[in-house]
Amino acid sequence: MIYLKTEEEIELLRKANLIVAGTLAEMAKMVKPGVTTRQMDTIAEQFIRDHGAIPVFKGFPNPYGGPFPASICTSVNDVIVHGVPDDRPLEEGDIVSVDCGAYIDGFNGDSCYTFCVGEVKPEIQNLLRATKEALYAGIQQVCVGHRLGDIGYAVQSRAESEGYGVVREFVGHGVGRKMHEDPMVPNYGKKGNGKVLKNGLCIAIEPMITQGSPSLYLADDKWSAKTQDGSWAAHFEHSVALHNGKVDILSSFEAIEEIENKSK
């Protein structure tokens, strides 16, 4: 059942999502060769808790194994999603997708950003650019009267126009009092198909795009989803609300992009 949010609930969602945005900005300051994803997770958890929120990913149940052991997902290179922080130092030329969730005042925030570690090959920079552009192409379709299929079609068309793969096993979702609510928001689809978008709809749109084939497998940790062919993957995510007939992006990449621009 799709739960449409009130004005007050949308503002509570924004509060949670801005804590997530702040957490991801802290990650942007940290990402460099030699840093471990476990170190990033420690800082992320501290930041979330210091702002009165709970890291909602920590302890999240897994039908295939134990609960998620960390506060952020850190997916490096060929890991598409749900990577577990560890002690391997990041290396020059890596990419790492940091997915973060925070819970405060009864509502959840959820966002993801893929970071470059030092100098990254041009073809990988293009993958990140195309994935972020696919996210915003999907967001542009969020308006009253459009359908879920319009979002998926826009994401898929943008990514596939450059020859990239669109992961189908993992999708976006509603967001609110629960981290994952109805409806599911696939990154593929047909125009005019699916549920009609209405005011109060709050969803997380999150393209997961691969450089090669989108086929994947589950790693031995029972969390990390990796590309079957070893190609690299990018993941960007915003939580958005359909508010007064228009899309309202509740999360933010602004601080991250400022930090990235200063480092160039």
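The following legends describe close-up views of a predicted model. Local features are given where pLDDT is at least 70 and side-chain atom pairs where pLDDT is 80 or more, while totals for chains, interfaces and linings use all residues. Residues are numbered from 1 along each chain as its sequence is written, and side-chain values use heavy atoms, with hydrogens and water left out.

**View A. The crossing of helices α1 and α2**. The axes of α1 (residues 7–30) and α2 (residues 37–50) come within 9 Å and cross at roughly 145 degrees, where axes are lines fitted to C-alpha atoms, for helices over the stretch in contact, and angles run from 0 to 180 degrees between N-to-C directions. Helices (H or I, at least four residues) and strands (E, at least two) are DSSP runs, numbered from the N terminus. In α1, Ile 19, Gly 22, Thr 23, Glu 26, Met 27 and Met 30 meet Gln 39, Met 40, Ile 43, Ala 44, Phe 47 and Ile 48 of α2, contact being defined as heavy atoms within 4.5 Å.

**View B. The open sheet of five strands**. The strands follow the order β8-β7-β9-β14-β15 with antiparallel pairing, two strands being paired if DSSP finds at least two bridges between them. β8 (181–185) and β15 (246–249) stand at the edges with a single partner strand each, so one side of each lacks a neighbour in the sheet. Three bridges join β7 (residues 172–174) to β8, and His 173 stands opposite Met 184 in β8. Helix α1 lies across β9 (202–205), β14 (238–243) and β15, running at about 165 degrees to β14, whereas helix α4 (residues 148–160) lies across β8 and β9, at about 40 degrees to β8.

View C. Glu 9 counts as buried at 11% relative accessibility and Arg 177 as partly exposed at 45% (buried means under 20% relative accessible area, exposed over 50%, partly exposed in between, with a 1.4 Å probe and protein chains only).

View D. Thr 227 counts as buried, at 1% relative accessibility. Leaving aside neighbours within four places in sequence, Thr 227 is in contact with residues including Asp 78, Ile 80, Thr 210 and Tyr 217.
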